[in-house]
Amino acid sequence: MGLLRVLVKNAHVLTPLGDLGVVNVMVKDGVVEGFDVEAVPDRVVDAERYYVAPGFIDTHIHGYGGVDVTEASAEEILEMSGGLAEHGVTGFLASTVAAPHERLLQACSNVAAASSRWSPSKGARILGVHLEGPYLNPKMKGAMNEQYFRKPSLRELDEYVSASRGLVRQVTVAPEVEGALEFIEEASRRGITVSVGHTDATYEQALRAVEAGARKANHIFNQMRGFHHREPGTAMALLLDTDVFVEMIVDFVHLHPATVRLVYRLAGPLRTVLITDAVRAAGLPDGEYTLGGLRIVVKEGVSRLADSGALAGSTLTMDRAVRNMTKVGANTLEALTMASYTPAKSVGALGRERVGLLRPGYAADMVVLDERLEVKKTIIAGEVVYEA
């Protein structure tokens, strides 16, 4: 990196599992060395007593700033990394939509190429690929093209893993689709996070998916069988299972604030994963765009399919999701946990890349926030990559 030690001074550190108060964070070779360490730094970054927390990890994002992951080149994915850093994001899973097999293979290959060229100065870490489909239920297609949906295939998964150079980290599956349970069992055995989504699974079918190894709820309630008092449905099965992480799009469009409050009270900050589900229109003005080849219209920041009006991803950013959580009763520490520690843990990045926490031995990936939780600086591996 060129720099041996960076001192982030006057930092009100939220780890986010605890509040350390105002301390100095010493970074050595891109990793947190310790707090209030007695050593001479090569560079000093003044946090000005603002909050300093682990950078945000977005495990479900399809695009940003004109870039669509499913169609993007490696260079465009790196451009997306830079844009995300402006919102405090220091790591993300590049998420695809249902598409032809060859297109998904190319997307996996391009993400791998972008990851191999990544350096901290380029922006958020590319943690891997999230395949949202194509193993989904057409009844719950949402803003995807159902002609590309198909039965789960371990042979295809092998090809995606190979094309991505081992970077497939999450796959979303509808467990009621033929062959899904065997697929879930094998994918989870390989260390891939299986997310249940775009599904009409009954309560019992959802429980069987969890027994097979599924460990995540794909944007809870959206394109998912909901609750009925005589058939609790997919969402309730996943919410009540303490082994399942729960993704939530907190833009107050996909979920009513009361629903957000319900999910966070049931799942808590150590299971709730804030995501954006953002599309290429995020960070851009209202207008017409595409998602997986389908035409979408963004009006007043809300993305919908042009033909049906169905919600088509979002234009949400992670910093806004954090602020929105505090509006429904979560405290700052809880909101930050749901945006960093819990997402990282849900895809194994807490151990693999050692991101999502601020403590010695973890990556020095940090977001500096003012009292309104607006991003002031984003720091990746000890380098300031964004400053407001």
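Student: In S20, which residue is the bridge partner of Val 368?
Tutor: The bridge partner of Val 368 in S20 is Lys 377; strands here are DSSP runs of E with at least two residues, and helices are runs of H or I with at least four, numbered from the N terminus. This is a predicted model, in which local features need pLDDT of at least 70 and side-chain atom pairs count only at pLDDT 80 or more, while totals for chains, interfaces and linings use all residues. Residues are numbered from 1 along each chain as its sequence is written, and side-chain values use heavy atoms, with hydrogens and water left out.

Student: How many bridges do S19 and S20 pair over, and in which sense?
Tutor: S19 and strand S20 (residues 375–380) are antiparallel and pair over four bridges, where pairing requires that DSSP finds at least two bridges between two strands. Their hairpin has five residues between the strands, and Leu 373 takes a positive phi near 65 degrees there.

Student: What about S5, how does that pair with S19?
Tutor: Strand S5 (residues 51–54) pairs with S19 in the antiparallel sense over four bridges, and Ala 53 stands opposite Val 367 in S19.

Student: Which way do the S19 side chains point?
Tutor: From strand S19 (residues 366–369), Met 366 and Val 368 point one way and Val 367 and Leu 369 the other way, and all are buried, with buried meaning under 20% relative accessible area, exposed over 50% and partly exposed in between, for a 1.4 Å probe and protein chains only.

Student: New topic: in what order do S16, S17 and S18 form their sheet?
Tutor: The three strands form an open sheet in the order S16-S17-S18, with antiparallel pairing. Strand S16 (287–291) and strand S18 (302–305) stand at the edges with a single partner strand each, so one side of each is left without a neighbour in the sheet.

Student: And which residue stands opposite Thr 290?
Tutor: Thr 290 stands opposite Arg 295 in S17, and S16 pairs with strand S17 (residues 294–299) over five bridges in the antiparallel sense.
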